[in-house]
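Load the model in your viewer and keep the sequence panel open. The stops below give a selection each time, followed by what is found there.

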Amino acid sequence: MADDSESKQSAVESMMEKISEKIHGNDSSSSSDSDHEKPASPSSVKAKIYRLFGRERPVHHVLGGGKPADVFLWRNKKISAGVLGGATAIWVLFELIEYHLLTLICHISILCLALLFLWSNAHTFIHKSPPRIPEIHLPEEPFLQVASALAIELNQGLKLLRDIASGRNLKEFLMVIAAFWVLSIVGSWCNFLTLFYICFVLLHTVPVLYEKYEDKVDPFAEKAAIEVKKQYAVFDAKVLSKIPMGPLKAKKV
């Protein structure tokens with residue numbers, strides 16, 4: 001009899017354990033369902049925030065990555081400061097002091113050749129070894145790579161201008177005309193060297209400032225983009241839609 005009562009008690013305990021396991025299992029499944037029903041994490045919400053020019057990658061990747069992007073974003077402050085300082089020195093020499101490139105090259109060559117010539121002939125008097133002038137040989141591969149990259153960019157630019165001139169997209173045509181007009185006005189204010197230096201300084205300041213304050217800049221950029229779209233829609237409705245345009249020919253396959 002005692003054995004029968006113990007077996008019944010163990011059976012009841014096993015049944016109670018199974019019931020409790022089912023209850024806990026349902027609780028865990030319901031909690032997991034509630035976790036799935038929770039709102040998206042802040043990172044996913046942040047990813048949907050408007051970014052300038054519709055970019056989806058960091059500023060470093062937009063600038064091409066690698067060493068040039070590191071220089072523009074001041075990842076190494078010594079190298080970036082050296083590059084910017086060198087460009088500033090060149091601009092001061094040629095623009096403010098009005099030094100000429102050929103004159104500068106000739107003066108530097110005269111100074112270097114004179115120093116090496118005097119050192120080579122005076123080493124016996126000063127009891128020092130003569131200077132070891134290295135043999136300089138420029139490799140062809142970097143120049144070919146630069147020329148190839150320039151050719152690719154120029155061909156893409158010419159193709160883009162050809163597509164715009166074909167009359168397929170009036171919006172791009174107006175944007176390019178406006179860009180050339182602005183460049184012509186800026187070019188009348190300063191020469192090419194000054195314009196190049198201004199662009200160089202902007203590349204070393206605007207990206208790093210934007211990367212630092214992008215969360216504050218992007219909302220203003222979004223408002224400006226919405227306002228520009230509204231103004232363009234008004235201009236399109238009042239002016240562009242009234243311009244007669246001939247039918248475009250179907251593209252040949």
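A residue is called buried under 20% relative accessible area, exposed over 50% and partly exposed in between, using a 1.4 Å probe and protein chains only. This is a predicted model, in which local features need pLDDT of at least 70 and side-chain atom pairs count only at pLDDT 80 or more, while totals for chains, interfaces and linings use all residues. Residues are numbered from 1 along each chain as its sequence is written, and side-chain values use heavy atoms, with hydrogens and water left out.

**Whole chain**

Start with a cartoon view. The chain has ten helices and zero strands; helices (H or I, at least four residues) and strands (E, at least two) are DSSP runs, numbered from the N terminus. Buried residues account for 11% of the 253 residues.

**Annotated spans**

Residues 79-97 are 95% helix and 0% strand, with end C-alpha atoms 26 Å apart. For residues 173-203 the figures are 94% helix and 0% strand, and the end C-alpha atoms are 26 Å apart.

**Loops around α5**

Select Trp74, in the loop between α4 (66-72) and α5 (77-96). Its phi is near 60°, a positive value in a residue other than glycine. Trp74 is partly exposed, at 25% relative accessible area.

Move on to Glu98, in the loop between α5 and α6 (101-126). Glu98 also has a phi near 60°, positive in a residue other than glycine. At 60% relative accessibility, Glu98 is exposed.

**Salt bridges**

How many salt bridges does a search of the whole structure find? It finds two, where a salt bridge is a side-chain nitrogen of Lys or Arg within 4 Å of a carboxyl oxygen of Asp or Glu.

Select Glu211 and Arg75, whose closest N and O atoms are 3.0 Å apart. Glu211 belongs to helix α9 and Arg75 to the loop between α4 and α5, so this pair ties together parts that are 136 residues apart in sequence. Both are partly exposed: Glu211 has a relative accessible area of 26%, and Arg75 has 45%.

Then select Asp163 and Lys159, which form a salt bridge at 3.4 Å, N to O. Both lie in helix α7 (residues 140-165), four residues apart, about one turn of the helix. Asp163 is partly exposed at 24%, whereas Lys159 is exposed at 54% relative accessibility.

**Helix α9**

Select residues 192-212. At 1.5 Å a residue, these 21 residues should span 30 Å, which agrees with end C-alpha atoms 30 Å apart; the expected span is 1.5 Å times one less than the number of residues. Centre on Leu202 for a kink of about 30°, the bend being the angle between axes fitted to the seven residues ending there and the seven starting there. Buried residues in α9 include Thr194, Tyr197, Phe200 and His204.

**Nonpolar patch**

Finally, show a surface over Phe173, Leu174, Ile177, Phe235, Val239 and Ile243, a nonpolar patch with about 470 Å² of accessible area together. Patches are made of residues with over 30% relative accessible area and no salt bridge: like charges are joined within 9 Å, nonpolar side chains (Val, Leu, Ile, Met, Phe, Trp, Tyr) within 5 Å. Areas come from the Shrake-Rupley method with a 1.4 Å probe; for residues, only the protein chains shown count as cover. Helix α8 (residues 170-189) supplies the largest share, three residues. Phe235 lies in helix α10 (residues 214-238) and is partly exposed at 37% relative accessibility.
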